[in-house]
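Trainee: I have the model open. Can you go through it with me, one topic at a time?

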Amino acid sequence: LCELIRDDSIDDFIIYINKNNIPLNTKINYSIFETNPLLIGKNISLIEYAAFFGSFQIFQYLRLNSVALVSTLWIYAIHGKNPEIFHLLEEDHVTLDLEMKKNCLKESIKCHHNEFAEYIQNTFFDHINMII
C-alpha cells in the first residue's frame with residue numbers, strides 16, 4: 001500500500017483499497033526501518049502519507065472521498081514538494097494558525113524547498129510578525 005502511494009499509482013491504489021476493504025481514513029503503522037524524522041515513531045493517515053510523498057492523484061482521490069483534511073497536512077505537503085497539494089489545502093481553508101505557519105516556514109527551509117519558503121513568507125507573513 002505504501003509503495004502504491006509513493007509511486008502515486010492511483011488505479012492500483014483504488015483496486016487494492018477496494019479488494020482489501022481498507023477504510024480511507026486508515027493509519028499506516030510506523031516502521032522500525034523508517035529513517036525520516038518526520039515519520040519516525042508515527043502512525044500517519046493515508047492522506048498524510050500521500051502529501052508527504054507529493055502523490056497528487058492519491059491525495060486528490062482521498063480528498064474527494066471526504067477524508068478529513070487536518071492541519072498536519074501542511075507540513076507533509078511541504079516535504080512532498082508538490083505545489084498542487086499545497087494550493088488544495090489553501091483552497092479548502094485547512095486550518096493554518098500562526099504556529100503552523102512558522103512550522104511550515106521552518107520545514108521548507110530545513111528541506112531546502114526555497115520556493116515554498118518564499119511563497120509562505122510572502123503569502124502568510126507580513127513584515128511585523130516575521131519573527132520565528
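Predicted model: local features only at pLDDT ≥ 70, side-chain atom pairs only at ≥ 80, totals over all residues.

Trainee: Why do residues three or four places apart point the same way?

Mentor: An α-helix has 3.6 residues a turn, so residues with that spacing point the same way.

Trainee: Salt bridges next. How many salt bridges are there?

Mentor: The count comes to three. In one of them, Lys 81 pairs with Glu 115, and the closest N and O atoms are 3.5 Å apart. Lys 81 is in the loop between helix 5 and helix 6 while Glu 115 is in helix 8, so this pair ties together parts 34 residues apart in sequence.

Trainee: Are Lys 81 and Glu 115 buried or partly exposed?

Mentor: Lys 81 counts as partly exposed at 40% relative accessibility. Glu 115 also counts as partly exposed, at 43%.

Trainee: Which residue forms a salt bridge with Asp 92?

Mentor: Arg 63 does, with 2.5 Å between the closest N and O atoms. The pair links distant parts of the chain, 29 residues apart: Asp 92 is in the loop between helix 6 and helix 7, and Arg 63 is in helix 4 (residues 56-64).

Trainee: Buried or exposed, for Arg 63?

Mentor: Arg 63 is buried, with a relative accessible area of 18%. Asp 92 is partly exposed at 31%.

Trainee: Which side chains meet in a salt bridge at 3.2 Å, N to O?

Mentor: Those of Glu 107 and Lys 110. Both residues lie in helix 7, three residues apart, which is about one turn of the helix. Glu 107 counts as buried at 8% relative accessibility, whereas Lys 110 is exposed at 58%.

Trainee: Changing topic: how many disulfides are there?

Mentor: Zero, from a search of the whole structure. Cys 2 is in no disulfide, and the nearest cysteine sulfur, in Cys 111, is 19 Å away.

Trainee: Is Cys 2 buried or partly exposed?

Mentor: Cys 2 is partly exposed, with a relative accessible area of 23%.

Trainee: Now the strands. Where is Lys 27, and what does Lys 27 touch?

Mentor: Lys 27 is in strand 1. Leaving out residues up to four places away in sequence, Lys 27 touches Asn 43, Ile 44, Ser 45 and Glu 48. From Lys 27 to Leu 88 the C-alpha distance is 21 Å, at 61 residues apart in sequence.

Trainee: What about Asn 29, where is that found?

Mentor: Asn 29 is found in the loop between strand 1 and strand 2. It is exposed, at 64% relative accessibility. With residues up to four places away in sequence not counted, Asn 29 touches Lys 42 and Asn 43. The C-alpha atoms of Asn 29 and Ile 44 are separated by 7.3 Å, and the two residues are 15 apart along the chain.

Trainee: Last one. Which residues form a nonpolar patch on the surface?

Mentor: Tyr 30, Ile 32 and Phe 33, with about 440 Å² of accessible area together. Ile 32 is in the loop between strand 1 (27-28) and strand 2 (44-45), and counts as exposed at 72% relative accessibility.

Methods
Residues numbered from 1 in each chain as written. Heavy atoms only, no water. Patch = residues over 30% accessible without salt bridge, like charges linked within 9 Å, V, L, I, M, F, W, Y side chains within 5 Å. Areas by Shrake-Rupley, 256 points an atom, 1.4 Å probe, with all protein chains shown as cover. Salt bridge = Lys/Arg side-chain N within 4 Å of Asp/Glu carboxyl O. Helix = DSSP H or I, 4+ residues; strand = E, 2+ residues; numbered from the N terminus. Buried < 20%, exposed > 50% of the residue type's maximum accessible area, 1.4 Å probe, protein only. Contact = heavy atoms within 4.5 Å. Disulfide = S-S within 2.5 Å.
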